[in-house]
Amino acid sequence: DTTLGTLVATNATSGNIVVQETSGLIIGGTGVRTLGGNGNINVDVTAGALAVNSVVTANGSGTVTLNAGGLLTADAVISSTSGALSLTGGTGVTHTANGDLTTGTTGTIGVTATTGDITMADGTVYTTGSGTVTLLAGTNVVLGEITTTSSAINVTATAGAITDTTAAETANLTTSGTATLAAATGIGSAGGAADIDTTLGTLVATNATSGNIVITDTDGISVSGSNAGGGSFNVTAGGVNTLTVNAGNLTANTGAVTLQADEMTLTGTVTGNGGVTLRPNTATTVITLGTGAAGLNFTDAALDQVFTTGTLTIGADTAPAAGSITVDAAVQANNATNIALVTGGDITFAAAGALTSGGAVTLTANSGAVVGNNGATTNVTGTTLTIGAATGIGAADKLTTAVTTLVATNATSGNIVVQETS
């Protein structure tokens, strides 16, 4: 037991370093180190703050355990060759860009703020070989970069939000395994660098009270989770990759869902009563509803995985705008009140193309045309049909409808030709 201002401790060959301090403590000088063997380092400040201003490093499989009754501040590297790292701050854990946590092989990393926040700086990195990484904060978690090759990453902001502090948009979380994120008031947010950037195999995200969930992955990702407070749930799969909603399902409850990827697999359900948008990640990606194999494809069964009392929107005419949309079979989103097709190109109904909704239908091709199949099928069935196009509506091949109300606007050239069946 000690009552010190500054601690400098080096153990050369074997054995542990165990220090219990009764008031605030600074680790300074050459730091606290084991230079041989597999000895553990345990520094416990029962009352007051612990400031790590110099390195803390355990040789071999030695573990590092740092506890503070008050705030724990890391301004230097805390590491082990392969042992577990454990940091606990009674009123929070704060890192500077110098305060990295590093271990190897299966060494785990655990950081706990009993009350208050875990705050990583822009430049703070947690790295392990293939060990699990767990962050648990009483309030908020501010993320730098966390990397493990294949194990779980678990981040919990019990009464607050999980946010991103990396201006360069490098991945906050990297693992081929599963990242589980839980917060009360949001997980990332829209705009600039505010989203949570990831390179993950699987994501489970749960937000309890308020705020949005906004995740951008660098490649393909499997996702599930819920946003219970009415905020949105937005996930992007980068590049030309697949976003999978797995059997855990994805729900924004009364909020909106936006999924952005060049390929999507809806194994689980997608629920957002504020509306659901399924849009491509790469501009001009073609979309097919029915049986097509090219581009972003949705079968009739896939569309039935979407639940909304609002509108299911497929495609987009804002960057990255969708390419042409083709309806090549009979499709109906049975669990969506309304449906909208939106593109920067044309909307075409192939020979067997038929789109049915129990509510309103919107077709938007503000830079292109809406092309029917000349009466081969009833192309659109619904209540109100609203069409916006630039170069013709049913001009090349007439559009056949079964609706109660039609609103059609063509902006630039071409005719409007619609045949109503009832």
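Tutor: Two strands are said to pair if DSSP finds at least two bridges between them, and the strands themselves (E, at least two residues), like the helices (H or I, at least four residues), are DSSP runs numbered from the N terminus. What you see is a predicted model, in which local features need pLDDT of at least 70 and side-chain atom pairs count only at pLDDT 80 or more, while totals for chains, interfaces and linings use all residues. Residues are numbered from 1 along each chain as its sequence is written, and side-chain values use heavy atoms, with hydrogens and water left out.

Student: OK, how many helices and strands are there in the protein?

Tutor: The protein has 45 strands and one helix. Its C-alpha atoms fill a box of roughly 90 × 35 × 35 Å along the principal axes.

Student: And what share of the residues is buried?

Tutor: Of the 422 residues, 49% are buried, where buried means under 20% relative accessible area, exposed means over 50%, and partly exposed lies in between (1.4 Å probe, protein chains only). As for contacts (heavy atoms within 4.5 Å), 39% of those between residues at least 6 apart in sequence join residues at least 24 apart.

Student: Let's look at some strands. Which strand does strand 39 run parallel to?

Tutor: Strand 39 (residues 361–365) runs parallel to strand 42 (residues 384–389), and five bridges join them; one place to look is Ala365, which stands opposite Ala389 in strand 42. Strand 42 also pairs in the parallel sense with strand 44 (residues 405–410), this time over six bridges, and there Thr384 stands opposite Thr405.

Student: Which strands form the open sheet of five?

Tutor: The order in that open sheet is 35-38-41-43-45, with parallel pairing, and its edges are strand 35 (330–332) and strand 45 (418–420), each of which pairs on one side only. Within the sheet, strand 38 (residues 354–356) and strand 41 (residues 380–381) pair over two bridges, with Thr356 standing opposite Thr381.

Student: What does strand 16 pair with?

Tutor: Strand 13 (residues 109–113) pairs with strand 16 in the parallel sense over five bridges, and Ile109 has Val133 as its bridge partner. Five bridges also join strand 16 to strand 19 (residues 153–157), again running parallel, and here Leu136 has Thr156 as its partner.

Student: Which residues touch the most other members of the largest nonpolar core?

Tutor: They are Leu135, Leu259 and Leu363, in a core of 98 residues; such a core is a set of buried Ala, Val, Leu, Ile, Met, Phe, Trp, Tyr and Cys residues joined through side-chain atoms within 4.5 Å. Leaving aside neighbours within four places in sequence, the contacts of Leu259 include Val235, Leu243, Val245 and Met264.

Student: New topic: is Ala340 buried or exposed?

Tutor: Ala340 counts as buried because its relative accessible area is 7%. This residue sits in strand 36 (residues 336–342), and beyond its neighbours within four places in sequence Ala340 contacts Thr311, Leu312, Thr313, Ile314 and Thr362. Ala340 and Val361 are 21 residues apart in sequence, yet their C-alpha atoms are 5.7 Å apart in space.

Student: What joins Ala319 and Pro320?

Tutor: A cis peptide bond joins Ala319 and Pro320, with omega about -5°, and Pro320 lies in the loop between strand 33 (306–315) and strand 34 (325–327).

Student: And what is the phi of Glu169?

Tutor: Glu169 has a positive phi of about 65° although it is not a glycine, and Glu169 lies in the loop between strand 20 (162–164) and strand 21 (173–183). Its relative accessible area is 32%, so Glu169 is partly exposed.

Student: Where is Asn374?

Tutor: Asn374 is in the loop between strand 40 (370–371) and strand 41. Its phi is near 60°, a positive value in a residue other than glycine, and Asn374 counts as partly exposed because its relative accessibility is 48%.
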